[in-house]
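Here is a walk through a protein model for someone meeting it for the first time. Take a look at the sequence and the structure, and then we will go through a few places together.

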Amino acid sequence: MRPFNLKLIVRVTGILLIYMAASMMLPLAVSLYYKDGAQFALVISALLMLMVGLLMRNILGRNATYELKENESYCITVLIWLVVPLFGTLPYIFTGGIDSFTDAVFESFSGFTTTGSSVLVKPEQLPLSLLSYRALTQWVGGLGLMLMVLAILRKLTQGSVHLYEAEFSGTQQRKLHPRMSKNVARMWYIYGFLTALMGVLLLVNGTPAVDALCLACSTVSTGGFTTHSVGLATLNNGSLIVVTVFMLLSGINVAFLYRFFTLKWKHLGHDEELRAYLLVFLVAVGVGVIAFKYNGNSTEESILYSIFHMASTMSTCGFNVPRPEHWSFLVSVVTFLLIVTGACAGSTGGGIKLRRLMVLSKYLSNYCTRMLHPNAVFKVKINNEVVENDYINKIFAYVFLYIVFIIGGAFVLTLCGCSIPDATCMAAANISNLGPSNIINSLGASLNYAELPHLAKWTLTVLMVAGRLELFALIAVFSPAYWRRR
């Protein structure tokens with residue numbers, strides 16, 4: 001057996017840092033155009049990323065063998081999701097937008113994991129280029145850093161499937177093409193198309209250029225960063241409709257979207273997960289409308305806010321607009337359930353994912369039926385495809401670990417002075433990669449992450465990464481048994 005392929009792991013990490021340095025050209029262009037004074041800090045950040053990336057690619061990772069085993073794929077996935085966001089703190093620190101290392105780490109990891117929690121009380125006071133950079137981190141992290149690696153690293157002869165599965169650990173992602181590189185490229189094509197289309201529609205509806213860019217990146221990635229402290233309250237009705245539609249689209253499996261936009265509509269209506277996604281959304285909207293109306297809000301306000309609110313929550317975008325005057329506790333309960341449920345598997349959204357919950361519900365239904373008919377044989381099927389028992393066991397393990405992480409995170413947050421409801425909602429929201437807005441508090445009140453102590457911020461950062469990596473890769477790498485197996 002060959003030794004652990006550390007050289008390739010270092011080399012791939014360096015390549016991604018080089019591409020991140022190149023991506024800094026976008027916020028730099030914004031800085032030069034608007035003359036916001038942040039260009040020097042952005043150049044220094046890009047140069048540091050570039051130098052470290054070249055060092056890792058050309059020296060430390062020289063003569064690497066382009067083969068990866070499964071355990072190595074987990075290592076490279078975790079390493080990249082830790083290293084890249086750490087380097088992502090540089091623009092915040094050098095521009096002076098964030099003066100605390102802990103806060104810069106929190107903001108950077110929140111961006112790359114598309115959580116959207118922010119320590120910035122008034123983001124509109126930041127340079128426009130830094131706001132563009134915040135949105136860019138969410139866009140890059142939206143479909144996955146490892147998928148970016150697979151799109152650019154075509155020399156990988158063995159292990160591309162392992163990297164793909166490590167990025168989507170805990171779920172079964174449908175492929176768009178048998179060849180891995182083309183499969184990933186098509187995912188990025190549809191991802192980029194949605195972003196461009198939404199940006200154009202926002203511009204047509206009168207949204208300023210930088211706001212349109214940031215909103216398009218944050219919405220399609222289901223991130224949630226906004227350019228104003230009042231959320232989306234500055235947008236007109238046309239722009240809000242665009243945001244709502246694209247929030248819902250971004251919560252759908254990217255494979256389904258690809259088939260839709262390539263006019264392959266033959267079997268789209270038979271997708272069980274999509275039907276469940278739309279059904280849950282409509283039921284949640286209906287409950288929200290009734291609850292808001294019952295609490296004394298107008299019919300129009302109840303309908304419009306409920307649609308936006310449930311789309312924002314279920315897609316795990318987390319955007320907010322001024323909420324109704326009378327908030328219903330029932331809406332908070334529904335919101336919390338949607339936070340944990342999340343979007344479709346294979347989307348940029350977070351949460352446990354609907355596909356997993358559908359498999360579990362069918363398995364439990366079969367189990368109850370077997371109690372009455374012991375000799376009956378049942379198979380769990382999704383879209384007429386049998387789900388293997390190993391995958392079902394993996395889902396049970398995932399849901400159990402998910403709950404454990406929420407309870408553990410909430411416990412630490414209570415030690416930091418948070419109330420039990422707030423701590424639970426914050427832990428659930430951040431591991432589900434839905435951090436911002438006025439919906440994570442049990443009473444619908446706004447929460448200022450900047451006021452949290454450092455320990456609470458680091459705890460939430462861990463939950464963000466755990467949720468984005470879907471637990472298994474992170475647990476595997478930090479398990480002693482993992483290193484004994486290598």
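Let us start with E300, which is exposed because its relative accessible area is 59%; here buried means under 20% relative accessible area, exposed over 50%, and partly exposed in between, with a 1.4 Å probe and protein chains only. You will find E300 in helix α15, residues 299–314. Helices (H or I, at least four residues) and strands (E, at least two) are DSSP runs, numbered from the N terminus. The C-alpha atoms of E300 and V289 are separated by 9.2 Å, and these two residues are 11 apart along the chain.

A word on what you are viewing: this is a predicted model, in which local features need pLDDT of at least 70, side-chain atom pairs count only at pLDDT 80 or more, and totals for chains, interfaces and linings use all residues. Residues are numbered from 1 along each chain as its sequence is written, and side-chain values use heavy atoms, with hydrogens and water left out.

How confident is the prediction? The pLDDT, the predictor's confidence in each residue from 0 to 100, has a mean of 83 for the protein, and 87% of the residues reach 70 or more. Confidence is highest in helix α6 (residues 101–112), at a mean of 94, and lowest in helix α9 (residues 160–167), at 56. Over residues 441–445 the pLDDT is below 50, yet this stretch has 16 contacts in the model beyond near neighbours in sequence; contact means heavy atoms within 4.5 Å.

Now go to helix α1, residues 6–23. Its 18 residues reach 26 Å from first C-alpha to last, close to the 26 Å expected at 1.5 Å a residue, where the expected span is 1.5 Å times one less than the number of residues. Helix α1 is mostly covered, with 14 of its 18 residues buried.

For a contrast, turn to M51 in helix α3, which counts as exposed because its relative accessibility is 51%. M51 is one of the residues making a nonpolar surface patch of about 890 Å², along with others including V43, F94 and W458. The elements giving two or more residues to this patch are α3 (39–60) and α5 (90–95), and α3 provides the largest share, six residues.

Finally, find C416 in the loop between α18 (389–415) and α19 (420–431). C416 and H454 are 38 residues apart in sequence and 9.0 Å apart in space, C-alpha to C-alpha. Leaving aside neighbours within four places in sequence, C416 is in contact with P453, L455 and A456.

Key. Patches are made of residues with over 30% relative accessible area and no salt bridge: like charges are joined within 9 Å, nonpolar side chains (Val, Leu, Ile, Met, Phe, Trp, Tyr) within 5 Å. Accessible areas come from the Shrake-Rupley method with a 1.4 Å probe; for residues, only the protein chains shown count as cover. A salt bridge is a side-chain nitrogen of Lys or Arg within 4 Å of a carboxyl oxygen of Asp or Glu.
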